[in-house]
Amino acid sequence: MLAHGLQLFKPVKGYEGLYEVSTYGNVKSLPKEKLTQWGLRVTRERILKVDTYHPKGYRFVTLIKNGIRKSHSVHRLVATAFIPNPENYPQLNHKDTIKDNNVVDNLEWCNNSHNQLHAFKYGLNKPNKGEAHGMSKVTEEDVFKIREFHQRYQISNRNLGLIFNITKHHVQQIVSRTTWKHI
């Protein structure tokens with residue numbers, strides 16, 4: 001779409017006549033006429049300042065309609081204006097993983113599964129292991145102790161489970177390294 005380097009603008013959905021978004025991720029306000037106490041005032045067309053206030057680096061702009069200010073992600077404005085979404089996917093993916101690169105060719109509509117797989121593939125999301133996993137019932141120190149007590153002192157899985165407040169099956173998985181493989 002951007003082979004010739006042309007920056008195309010289209011109206012922002014829901015803000016037609018007020019704002020336009022470009023294939024490069026720029027958002028501009030259109031000229032407006034406003035009656036003030038000093039007469040008719042005409043504002044010029046201008047590219048809006050883009051704010052980054054999402055912790056993951058997404059870019060946002062604040063749009064005003066009927067006196068109501070609302071923040072919008074730039075990548076969603078671009079995609080809504082330029083990329084068909086016949087499958088009605090709810091999410092957007094940045095193909096190059098750079099969250100502030102909102103050029104239309106870098107965006108694609110997707111489902112959550114595709115978005116998560118893409119993030120794992122490029123190292124943006126790492127699986128939680130060990131204590132960092134939300135379901136972890138033991139610590140790394142506990143794992144070392146369980147393995148040591150099982151091997152050195154021949155304590156049964158059942159008794160180790162009672163000591164560490166986990167099931168004997170969980171103890172067996174730790175001892176056999178079915179779980180906690182990374183340590």
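**View 1. Helix 1 (74–82), strand 9 (91–94) and helix 2 (112–121) each supply at least two lining residues of the second largest pocket.** The model is predicted: local features need pLDDT of at least 70, side-chain atom pairs count only at pLDDT 80 or more, and totals for chains, interfaces and linings use all residues. Residues are numbered from 1 along each chain as its sequence is written, and side-chain values use heavy atoms, without hydrogens and water. Helices (H or I, at least four residues) and strands (E, at least two) are DSSP runs, numbered from the N terminus. Helix 2 contributes the most to this lining, with five residues.

**View 2. The second largest pocket holds about 360 Å³ of space.** Of its 17 lining residues, Lys 56, Tyr 58, Lys 99, Asn 115 and Gln 116 are the closest to the centre. On a 1 Å grid over the protein atoms alone, a pocket is an open set of points where a 1.4 Å probe fits, with protein on both sides within 12 Å along at least five of seven lines; lining residues have an atom within 4 Å of a point. Grid points are joined across faces, edges and corners, and a volume is the space filled by probe spheres set on the points.

**View 3. The buried residues of helix 5 (residues 168–175) are His 170, Val 171 and Ile 174.** They fall within an arc of 100° seen down the helix axis, so they line one face of helix 5; the arc is that of the directions from the axis to the C-beta atoms. Lys 168 and His 169 are exposed on the face turned away from the buried side. Buried means under 20% relative accessible area and exposed over 50% (1.4 Å probe, protein chains only).
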